[in-house]
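Student: I would like to learn how to read a structure. Could you take me through some features?

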Amino acid sequence: MIDPTPAAPAAPPSYGPEAILRRQSLRESSARTYARTLPIVPVRARGLTIEGADGKRYLDCLSGAGTLALGHNHPVVLEAIRKVLDSGAPLHVLDLATPVKDDFTTALFETLPRGLADRARIQFCGPAGTDAVEAALKLVRRATGQRGTLAFTGAYHGMTADALAASGGAEDVTVTRLPFPQDYRCPFGVGGPQGAELSARWTESILDDAKSGVHRPAGMIVEPVQGEGGVHPAPDAWLRRMREITASRGIPLIVDEVQTGVGRTGAFWAVEHSGVVPDVMVLSKAIGGSLPLAVVVYREELDTWPPGAHAGTFRGNQLAMAAGAATLAYVTANGLAERAEVLGARMLRQLRALAAEYPCIGEVRGRGLMIGIELVDPEAEPAVGPGAVPVDPAMGPDDVTRPVGDLTTPTSWSAVQRGAGQVRGEPAPAAPELAATVQRECLRRGLIVELGGRNSSVVRLLPPLTLTDEQASAVLDRFADALAVSVSASSPRR
Ligand code: PMP
């Protein structure tokens, strides 16, 4: 029965941080992520710093999951956004031509690897990286008439799967997984150049073996540095091998630079480290200067898909294009890719020095300002046994750039190198609980870090490229302090 008495007016909601967080946990989905591990309520932000509703300040090394090349609210980004707002230009125009889009396209093409930019086409996509990945895979399927995709273990390309299928546009796609080279947890048990060489040979063999069960693929998709997978830089020589393998077999190479682009790894695009010119590049995150934008750029010969083959209502976000063009120009004009390379290398050195003191740091790796610290449990039984593999006796521990086949690697693999001719044991198991504690302790010290990797045991640093030397020191000091406290809390012996 309906109660005729009018309801008492609801009490006005409280806007304090605790009340906001409480309402969030009551109303938002169980699938929420960062909100669980970073229970803060940001109200203001500038550069590296976020201010919470509780008045506390945090150094933000999450940067919108690697989106904020220039940090929060950079003046050139704000100015570009205001200019569009003040001009009376439309903010949303599907894929119609506008001066703002024209400027963005020019700015973007100026940054692309020359071999691609000279003959490139661009498709503006729905404003998420995953949509541009969908577009790229669809593009190469249409262009080659093949269905299969070659992708790598540990890869992350996005979250979409079902929308097209539910729309009746389902395509019968198969994905073949190839081993991505990793030093610390090499699937072949050898790491370094040998591990990368084995990964390349496996790729060749399944493509050339008529009975491998792998049909001719439409394309290969690869991240030049795996981000979500735990910060694994692809060795340059291995990436060149992937280019040769795909080019010689007429397979388009798609490079997913959603996270690595716009200076993050120490080159404007991470493929530039290796000199590889891909057929397709998937770009998002930083290209929108903190606003949502995603595109796919590709060789014009691939442009055989029909009108409407890939669409998306919000592919004309003018504010994102203006903010993005301003960001691209600023990164170039201020040499921020070079700055990321120098500062990132210094931070890696400092973190490796810290690793020498802490057996729970399994490996420190990264490129530019994309840094990962893998935490392990050094006291758990190492899995030496059938998986242990003898190290090539000709390779000394310092011999990290010696070619094997035509592969070299710039990354350190000394963490798992036990010495010439010795048996290489498996690395210690991942330590996700320790990583979660470190993340919490970092937050208590005013530092926001991300966790990633297969077991969420890799602490990830993705600071803005505008990071100063002093800020970098503050980040590392807070991290070291948080690690020390977390380690002594979890085991006094470590
Ligand atoms: N590719 C890579 C390499 C990514 O890191 C991500 C997101 N972390 C995506 C694609 C998907 O982007 P989005 O979350 O914007 O869909």
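Student: At what angle do helix 12 and helix 14 pack?
Tutor: This is a predicted model, where local features need pLDDT of at least 70, side-chain atom pairs count only at pLDDT 80 or more, and totals for chains, interfaces and linings use all residues. Residues are numbered from 1 along each chain as its sequence is written, and side-chain values use heavy atoms, leaving out hydrogens and water. Helices are DSSP runs (H or I, at least four residues), numbered from the N terminus. Axes are lines fitted to C-alpha atoms, for helices over the stretch in contact, and angles run from 0 to 180 degrees between N-to-C directions. Helix 12 (residues 336-357) packs against helix 14 (residues 469-490) at about 25°, and their axes are 11 Å apart. Helix 12 is therefore roughly parallel to helix 14 (angles under 35 degrees count as roughly parallel, over 145 as roughly antiparallel, 65 to 115 as roughly perpendicular and the rest as oblique).

Student: How far apart are the axes of helix 13 and helix 14?
Tutor: The axes of helix 13 (residues 432-444) and helix 14 are 8 Å apart, at an angle of about 130°. These two helices are therefore oblique to each other.

Student: Which atom of Glu-228 lies 3.2 Å from a nitrogen atom of the ligand?
Tutor: A polar contact is a pair of N or O atoms within 3.5 Å. In Glu-228, a polar side-chain atom lies 3.2 Å from a ligand nitrogen. For Thr-130, a polar backbone atom is 2.9 Å from a ligand oxygen. A polar backbone atom of Tyr-156 is 3.4 Å from a nitrogen atom of the ligand.

Technical notes: A polar contact is a pair of N or O atoms within 3.5 Å; within protein, one must be able to donate a hydrogen and the other to accept it, and residues adjacent in sequence count only if both atoms are side-chain atoms.
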